[in-house]
Amino acid sequence: MSTAAVVLDWYPAAARDLPWRRPDTTPWGVLVSEFMLQQTPVARVEPVWTEWLARWPAPSDLATASRADVLRAWGKLGYPRRALRLHEAAGVIATRHGDAVPADVDALEALPGVGSYTARAVAAFGYGRRCPVVDTNVRRVVARAVHGRGDAGPARTTADLADVDALLPPDAHSAAVVSAGLMELGAVICTARGPRCGACPLHETCAWRAAGRPEYTGPRRPVQGFAGTDRQVRGRLLDVLRGADEPVERAALDAAWSDAAQRDRCLDSLLVDGLAEQHDDGRFALPA
Ligand code: SF4
């Protein structure tokens, strides 16, 4: 059996029951899930996604919310610029697309905050279209199972898309299932550090396993730390703003991080990114 046929056979019974995969999920629900999942694990996304879809079931509902409400509802999912981009995308969908998420990859890619991966994920999982959906997990599975390499190395967008496209079956529904299945395999079985080959549906045909799982010696993607980074500081400052009903004095932000130079740099970047505002009286708040 081909890689695609094995994955097609395996996925329907093996897939985790995630709320955005249920049949009644709208393309809008899929789009929201893809924004949230870009940098955040499934377990943290699930409750927030459920709350968002109950509160803002259509793009126009989110578009009318204030940015402060959107940032509060984003909570601690991290990378909060995603929340503002999703808010902007909702506005564009509501006003230019009749409140319906577009199905076409080019139209999706034209939305704020929607890149190559997210556009294809929405087309495939929201509309059942045939298009390669390539994230880190898919690249790793294909690198191992097809090319016999332990790691996919740095991303090569065009080549990666062609690589996965070549694996997909011709009919749209099967292709969308295979796309979801490759992602699931990479997320739960063919993980970066501990691939469980014994539980893998591809174990008989996997090129890397057949070669004895040779060590990967090629270039690697840079690994980002978190502790002490500007990202952590920005998160702390936003926590203060999110937790306050009123604008806060600068002293409240000063207490959130001791390194003044780093704290000031991060506060400036939040203001520039539109994630925070300074009022005329000098106090700080989430954007209106
Ligand atoms: S057999 Fe092992 S290395 Fe190959 S795809 Fe499956 S989990 Fe990954």
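Trainee: Which helix gives the most to the lining of the second largest cavity?

Mentor: The general idea comes first. Rolling a probe the size of a water molecule over the atoms shows where empty space is left. On a 1 Å grid over the protein atoms alone, a cavity is a set of points where a 1.4 Å probe fits but cannot get out, and lining residues have an atom within 4 Å of a point. Helices (H or I, at least four residues) are DSSP runs, numbered from the N terminus. In this case, H9 gives the most to the lining of the second largest cavity, with four residues.

Trainee: On what kind of model do these values rest?

Mentor: This is a predicted model, in which local features need pLDDT of at least 70 and side-chain atom pairs count only at pLDDT 80 or more, while totals for chains, interfaces and linings use all residues. Residues are numbered from 1 along each chain as its sequence is written, and side-chain values use heavy atoms, with hydrogens and water left out.

Trainee: What volume has the second largest cavity, and which residues line the second largest cavity?

Mentor: A volume is the space filled by probe spheres set on the points, with grid points joined across faces, edges and corners. The second largest cavity has a volume of about 80 Å³. Among the residues that line it are Val138, Val142, His147, Arg156 and Asp160. The elements that give two or more residues to this lining are H9 and helix H10 (157–165).

Trainee: How do the residues of that lining divide?

Mentor: Ala, Val, Leu, Ile, Met, Phe, Trp, Tyr, Cys and Pro count as nonpolar, Asp, Glu, Lys and Arg as charged, and the others, Gly among them, as polar. The lining of the second largest cavity has six nonpolar, one polar and five charged residues.

Trainee: Is valine 142 buried or exposed?

Mentor: Buried means under 20% relative accessible area, exposed over 50%, and partly exposed in between (1.4 Å probe, protein chains only). Valine 142, placed in helix H9, is buried because its relative accessible area is 3%.

Trainee: Where does the ligand sit?

Mentor: A molecule sits in a cavity or pocket if more than half of its atoms lie within 2 Å of its grid points. Here the ligand sits in the largest cavity, which holds about 100 Å³ of space. The lining of the largest cavity consists of 14 residues, and Arg144, Cys190, Cys197, Cys200 and Cys206 lie nearest its centre. H9 supplies the largest share of this lining, three residues.

Trainee: Which residues are around the ligand?

Mentor: A residue is near a molecule if one of its heavy atoms lies within 4 Å of it. The residues around the ligand include Ile189, His203, Trp208 and Arg209. The shell divides into six nonpolar, one polar and two charged residues.

Trainee: How is a pocket read, and which element gives the most to the lining of the second largest pocket?

Mentor: A pocket is an open set of points with protein on both sides within 12 Å along at least five of seven lines. The second largest pocket contains about 450 Å³ of space, and H13 gives the most to its lining, with eight residues.

Trainee: With which side chain does the side chain of arginine 234 make a polar contact?

Mentor: A polar contact is a pair of N or O atoms within 3.5 Å; within protein, one must be able to donate a hydrogen and the other to accept it, and residues adjacent in sequence count only if both atoms are side-chain atoms. Arginine 234 lies in helix H13 (residues 230–242), and its side chain makes such a contact with the side chain of serine 269 (2.6 Å).
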